Amino acid sequence: MGGTSLDTPARTRPAGRVGRVARGALVGLVAGGAGLAVGELVAVATGEASAPVTAVGNWAISITPTWLEQFAIRNFGSNDKTVLLTGVYTTIGMGAAATGVLARARPTLASVLTAAFGVVGAIAAVTRPTAGTSWLFPSLCAGVAAALVLWRLTLLSRKESQPSAESGERRRFVIGALGTTAGALVAGYGGKEWIEKRYDVAKARAKVVLPTPATVLPEPPASVHAKVRGLGPFFTPTSEFYRVDTALAVPRVDPRDWKLRIHGMVDRPFEITFDELLSYRFEEHDMTLTCVSNPVGGPYVGNARWLGTPLAPLLRRAGVHRGADMILSTSTDGMTIGSPVEAVLDGRQAMLAIAMNGEVLPTQHGFPCRMLIPGLYGYVSATKWLTDLHLTTFAASDAYWTPRGYSPQAPVKTASRIDVPRSGATVPAGTVTLAGTAWATHRGVAAVEVRIDNGPWREATLTAADTPDTWRQWSYEWTNAPKGSHKVGVRATDATGAVQTSAVQGVVPNGATGHHTLTVEVS
Ligand SMILES: Nc1nc2c(c(=O)[nH]1)N[C@H]1C(S)=C(S)[C@@H](COP(=O)(O)O)O[C@H]1N2
Ligand SMILES: [Mo]
């Protein structure tokens, strides 16, 4: 930037102030980049989540107000993390550029300020729920490194931009700036790669030998599929399974280091290793998992065959005290999830799962172990990277989402969705096939009805039920569909006979309601 104008006398004067600002901003950015790179290198020792950008990003997630979190999940979906990281980088970049400009006039102040940014990052890091003292270091080192680079490059740059500057001074500045940039790129990317290698669990994951389930679950009948073009499969492929969590860097837990602790209001607290876990009785279970943040008609729902060990026997072994009504589970990244003890002990297939769809859990879905309780939204049941089960009470303990406006308890609400045709699609007049999915996890779906415009509700054809814990697909042949724009709606009835409500409610505090409707153009 400004490289050629340095040697072009005609542009030196009018571009004088602009040139100084641009050079200041550039120096600030180089200093900021050098700082982040140093932070990344230090984080090789202290852990991925302690790196400045990750720590600040995770801190930002933790203070994100519920309305903003809802906005992000609605608009960015599973890209929310990319958007957040872009925001963090942009903020740091703007701060760095501004300090660089300030440094032209006030180098000491600007360097102190830069170091102070490092302190802010260090505080963000050390206040993360699973942080150790060492988490201070990456950001502190980043701040000091950035301050030193800023100081040094600013001095070089000031000399270089004086009217009397000699070519040697220019060269020193250019070499200093380019050299630092190159060094920062090498250190930054090198650090990232090193972290990837050092904390990689792909090999450990590949080595896990899945236990044989005590009883082999037959494949569900082919009739669980509605076999309508455009409708997804009954089991959601793992690669397409929605992901919702607050982890900016996916926790990478080596099973050899993994422990599960069961404690709190119990007679016999204990701890188990992953090998011990594998020696237990394992079962397969088909279950649909859904997120409280799924809007009506939304995509945050998936169905899988899970392999896990039942949770109830573990609670019995611990001897849960009378009065303990909540399991407060914690993940290795400090997420806390509160689930009713009752729901684990009432006979449903609550489990500690280690595999989905026949494969060891992917890291982003909770490797090596996650909790699942059929019938409850993920945020009150499905702890990924599980490491701690604390028996307590709803009166005494709050899980992560409770102070953020979500209900402490949240059974999955009956929901139904039109997947075919897509909203706004144009279909030929005549017979139009409508199809979709419906779930009332753990109660089961008993009926699905469809309504065209404001006509009567008409019964759709349901596919075979797998378990009450899985969704059901449905289809409906709309005969003699007339040309024009039509509104199509759907509703389900659960196995208790309760009809899905038409009352529109948002996601907060315990799940959206209302009918999924869409407009279809018949031509
Ligand atoms: N550790 C951890 N576990 C978590 C979460 C999280 O943020 N952190 N999110 C929960 C929520 S809100 C949901 S809906 C499910 C989603 O599981 P999935 O990403 O495997 O689909 O995980 C649950 N378990
Ligand atoms: Mo969720």
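User: Quick one to start: what is the relative accessible area of Asp453?
Analyst: Asp453 has a relative accessible area of 29% and counts as partly exposed, a class lying between buried (under 20%) and exposed (over 50%), judged with a 1.4 Å probe and protein chains only. Please bear in mind that this is a predicted model, in which local features need pLDDT of at least 70 and side-chain atom pairs count only at pLDDT 80 or more, while totals for chains, interfaces and linings use all residues; side-chain values use heavy atoms, without hydrogens or water. Residues are numbered from 1 along each chain as its sequence is written, and chains are lettered from A and ligands numbered from 1 in the order in which they are written.

User: And where does Asp453 sit, and what is its phi?
Analyst: Asp453 lies in the loop between strand S14 (445–452) and strand S15 (458–459), and its phi is positive, about 50 degrees, although Asp453 is not a glycine. Strands here are DSSP runs of E with at least two residues, helices are runs of H or I with at least four, and both are numbered from the N terminus.

User: What about Trp385, buried or exposed?
Analyst: Trp385 counts as buried, at 2% relative accessibility. Trp385 is found in the loop between S9 and strand S10 (386–392), and its phi is also positive, near 50 degrees, in a residue other than glycine.

User: Switching to ligand 1: which residues come nearest?
Analyst: Of the 20 residues around ligand 1, those that come nearest are Tyr242, Asp245, His365, Arg370 and Lys384, where a residue belongs to the surroundings if one of its heavy atoms lies within 4 Å. The shell divides into 10 nonpolar, five polar and five charged residues; Ala, Val, Leu, Ile, Met, Phe, Trp, Tyr, Cys and Pro count as nonpolar, Asp, Glu, Lys and Arg as charged, and the others, Gly among them, as polar.

User: Which atoms lie 2.7 Å from an oxygen of the ligand?
Analyst: One is a backbone N or O atom of Tyr242, at 2.7 Å from an oxygen atom of ligand 1, and another is an N or O atom in the side chain of His365, also 2.7 Å from a ligand oxygen.

User: How much of the ligand does the protein cover?
Analyst: The protein covers 98% of the 530 Å² of accessible area that ligand 1 has on its own, with areas from the Shrake-Rupley method and a 1.4 Å probe.

Technical notes: A polar contact is a pair of N or O atoms within 3.5 Å; within protein, one must be able to donate a hydrogen and the other to accept it, and residues adjacent in sequence count only if both atoms are side-chain atoms.
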